[in-house]
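Please open the model in a viewer and follow the stops below in order. Each stop says what to select and what is found there.

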Amino acid sequence: MNFKKMLLDGIYPRCCPVCHQVVAPKGELICPDCVRKMIPIGQPRCMKCGKSLSDKTREYCGDCKRIVHQFDQGIGIYPYDDKMRESIENYKFYGRREYGDFYVQAMAHYGRPYIMRWKPECIQPIPMFPKKQKMRGFNQAEYLARGLGECFGIPVETNGICRVQEGRAQKELTAAERRGNLKQAFQIGHSAHPYRSVLLVDDVYTTGSTIDAAAHILKANGTGRVYFLTLCQGKGF
Ligand SMILES: [Zn+2]
Ligand SMILES: [Zn+2]
């Protein structure tokens, strides 16, 4: 931990991403009791999107059988349950930016074998609509991407793709409407480059429509392979 972080931890004690109380012992990112509740998604997982499968004889989840995804492969680390929903809500909307440090640690730890295999040339966070980012004060996906970039020594590109249109809130829409809504949402950014391999980073993967829309625009611009890593992921069926 660097000096600035130590100083800040002294003034604003770190809270736990699970119980939201001040973390003890000091210097940790999560309480020892709470970390035991953080159980990552295990096997079997969908070979394409990484969602957990109840039947280990199957290779793909129902979504991936039905939809031709634009991305090549990806995984989320934790199941998107009530605990994580609340944690991410606090991280995004209620100033608990320090939770991002625990998220990065978990994504780096459990995502390492995948990142080693995918060998991304750069990490790109899913961009936010600029006005929305200004209001929130930060892009939650960029915070994760920067942390991962630091861990793995991989450059982070925040201007490869940009968000050009503020559609209706995604959660109000059906899966089909989401896809249509997102098709126009991304545009190639001013520092786009035809990378061989890109890793997209976001907080949550649900239907995959956001990752697909971003992957589509990257591939249309000459990117070879597009992977994703998210903190959480919905269940497969
Ligand atoms: Zn706790
Ligand atoms: Zn799948």
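Begin with the open sheet of 4 strands, whose order is S1-S6-S5-S2 with parallel pairing; two strands count as paired if DSSP finds at least two bridges between them. Helices (H or I, at least four residues) and strands (E, at least two) are DSSP runs, numbered from the N terminus. Select strand S1 (73–79) and strand S2 (122–125) to see the edge strands, each of which pairs on one side only. From one strand to the next, the twist averages 20 degrees. This is a predicted model, in which local features need pLDDT of at least 70 and side-chain atom pairs count only at pLDDT 80 or more, while totals for chains, interfaces and linings use all residues. Residues are numbered from 1 along each chain as its sequence is written, and chains are lettered from A and ligands numbered from 1 in the order in which they are written.

Next, select S2 together with strand S5 (residues 197–205): the two pair in the parallel sense over 4 bridges. Within this pairing, Leu 199 of S5 is the bridge partner of Ile 123.

The following stop is the largest nonpolar core, where Met 107, Leu 144, Leu 199, Leu 200, Val 201, Ala 214 and Phe 228 touch the most other members among its 47 residues. A nonpolar core is a set of buried Ala, Val, Leu, Ile, Met, Phe, Trp, Tyr and Cys residues joined through C-beta atoms within 7 Å. Elements that give two or more residues to this core include helix H4 (82–93), helix H5 (99–118) and helix H7 (140–152).

Centre on Val 201: leaving out residues up to four places away in sequence, Val 201 touches Ile 123, Pro 125, Ala 141, Leu 144, Ala 145, Leu 148 and Leu 229. Contact requires C-beta atoms, placed from the backbone, to lie within 7 Å.

Finally, select Ile 115 in helix H5. Beyond its neighbours within four places in sequence, Ile 115 contacts Pro 120, Phe 152 and Leu 199.

Key
Axes fitted to C-alpha atoms, helices over the stretch in contact; angles between N-to-C directions. Buried ≥ 20, exposed ≤ 12 C-beta atoms within 10 Å, placed from the backbone. Contact = placed C-beta atoms within 7 Å.
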